[in-house]
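User: I should like to learn how to read the features of a structural model. Please take me through them in order.

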Amino acid sequence: MAHLLGAETVSLEFPTKTVFDSVTVGLNEGDRIGVVGRNGDGKSTLLKLLAKTLQPDSGRVTYRGSLKVGMLTQVDSFAGVTTIGEAVVGQRPEHEWAGDPKVRDVLAGLLGDLDWSKTIDELSGGQRRRVALAALLVQDWDVVMLDEPTNHLDVEGVAWLADHLNRRWPANQGGLLVVTHDRWFLDEVCNYTWEVHDGIIEPFEGGYAAYILQRVERDRSAAASESRRQNLLRKELAWLRRGAPARTTKPKFRMDAAAELISNEPNPRDSVALSKLATTRLGKDVLDAEDLSYEVAGRTLLHDVTWRLGPGDRFGLVGVNGAGKTTLLKLLTGELTPSAGRVKRGKTVQVAVLTQDVQELDEFADERIYELIAREKSYFVVDKQEVSTSSLVEQLGFTKAQLQTPIKELSGGQRRRLQFLRLLFGEPNVLILDEPTNDLDTDILTAMEHMLDSWPGTLIVVSHDRYLLERVTDQQYALLGDGSLRHLTGGIEQYLKLRAASLGTKVETKASVPVSTGLKGAALRDAEKNLARIERALQKLSTDEAEVHAKMGEHSQEDFEGLAKLVKLQNDLNQKREDLEAEWLETSEALA
């Protein structure tokens, strides 16, 4: 394969740290490389060196010929432009960019909901990020470097970006370098992984799953002394092999050796044991939202939502921005009062919420980490075992030296980790995490997931991180923007299909394009009636599922025969839902 660019014996030092020590790496035609590592180890710095926006202390970075390199940094700059349109296409004539399929794809995927006449100053941080990404992708590049491109993108946006990059930079042309903590994205896009650590860059073949498999083999063969860290990776490997087997088809090395590594590794979670522990702490009733509706500014955000959360339930929640995810959480916690319906809370419920902005730490800004921790409990109980607070502090990446750091000087990721620990110190039995992965690297995410595996309470996770949702939750639900809450028996993949069908209808309505279904007369009326019938059946099915779920929560754990019947009934309902949703999609496509 043709060589595109490379770094030869590059070294770089900051006043208090050696970032790179005589590093040599190269990017070839068709390489799509994911860059991983702990926060502060030099991932973003590596991209700047390879993009030649930062000069090394020694060594050199070389390009092939007239290589065109584009880079997305973590700081979005829009110098000299006023509106979205100017930022994305500049002064190009409309007929020129509008006739370019690449440009149309980018605009539809990232900016379909934005008014081009809006000024940059009017945009939120997430919208500015999408504009900066669009401005980069509408241009022609041989190599693209992306620093945290999935930040502020929802599940659909991340899926679109992965598909777009795979089509634009296939395995036989161009090159791609991406720094991201989104592990699903790494698996979907990358064919190589570079781990940045301790001043070096270690290459691995394949995406995230392949990287984990090889890293476990490396740690074992080197007899690594970090046994705790190795155990976390073995557990991560066990989940990758058992929970998402399709991911392991990509690595090209020996799978039998990898299987041997985890032959005695237990399942990541014992759902029965967790359920018993949670029932002991919580009782049978946790949170029941019944016929919940909520209106704001004349708009119905939620309509007749029924959601029952039992002891030990682990639910993921996804939805479009503005669909009401945070509102639903606030209704469950009592911060908001519903317009109709009610939320019933169990007597022993203690809810803790990790918010997106972590403003709870602001009142402790002048204190040091150790001072704040000293006021918390010295230990607490997880899975009937005493765990010291210092142990958890270490697991989430805080060194003894860092405990002296004033809270006001912490990075966004450090603040999130500290607040997560404080929530656990309070021993809640219902934990709500609202976008918990922001600013966290893959190692810290793995440690957080390990803690959640052994945590016995009820868990709700709202996140755009598909990997995290599939990793720590057992069932997923979605707010699709129509006020309803949908149980996703087919997981995130089903959500993307439902959204694609829904968006197709909405785009046509917004553009006032006449509907051309190919169906006429009686056939058209029959299809419309069938669609209405399916939607009524799905609504009734949601009620039936809630009733079965409630019975399972109230049922004696010792009546195995009765529980088996309820489990079979739940499985039958799941199959019925899958059949109905498949029929709904087929009918919708016929009407589209």
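User: Does Arg64 count as buried, partly exposed or exposed, and at what relative accessibility?

Analyst: This is a predicted model, in which local features need pLDDT of at least 70, side-chain atom pairs count only at pLDDT 80 or more, and totals for chains, interfaces and linings use all residues. Residues are numbered from 1 along each chain as its sequence is written, and side-chain values use heavy atoms, with hydrogens and water left out. Buried means under 20% relative accessible area, exposed over 50%, and partly exposed in between (1.4 Å probe, protein chains only). Arg64 counts as partly exposed because its relative accessibility is 37%.

User: With which residue does Arg64 form a salt bridge?

Analyst: A salt bridge is a side-chain nitrogen of Lys or Arg within 4 Å of a carboxyl oxygen of Asp or Glu. The partner of Arg64 is Glu29, with the closest N and O atoms 3.3 Å apart. The pair links distant parts of the chain, 35 residues apart: Arg64 is in the loop between β4 (58-63) and β5 (69-72), and Glu29 in the loop between β2 (17-28) and β3 (32-37). Helices (H or I, at least four residues) and strands (E, at least two) are DSSP runs, numbered from the N terminus. Glu29 is buried, as its relative accessible area is 18%.

User: How many salt bridges are found in the whole structure?

Analyst: The search finds 24. Among them is the one between Arg129 and Asp76, at 2.9 Å from N to O. Arg129 lies in helix α5 (residues 125-137) and Asp76 in the loop between β5 and α2 (84-89), so this pair ties together parts that are 53 residues apart in sequence. Both residues, Arg129 and Asp76, are buried. A network of salt bridges links Lys17, Arg38, Asp41 and Asp198.

User: What should helix α15 span, and how far apart are its end C-alpha atoms?

Analyst: The expected span of a helix is 1.5 Å times one less than its number of residues. Helix α15 (residues 412-425) has 14 residues and should therefore span 20 Å, which agrees with end C-alpha atoms 20 Å apart. Of these 14 residues, 13 are buried, so α15 is mostly covered. After α15 comes Glu427, with a positive phi near 50°.

User: Which residues does Glu449 touch, not counting those up to four places away in sequence?

Analyst: Contact means heavy atoms within 4.5 Å. Glu449, in helix α16 (residues 442-453), touches Arg183, Glu236, Tyr467, Leu468, Arg471 and Val472. Glu449 counts as buried because its relative accessibility is 0%.
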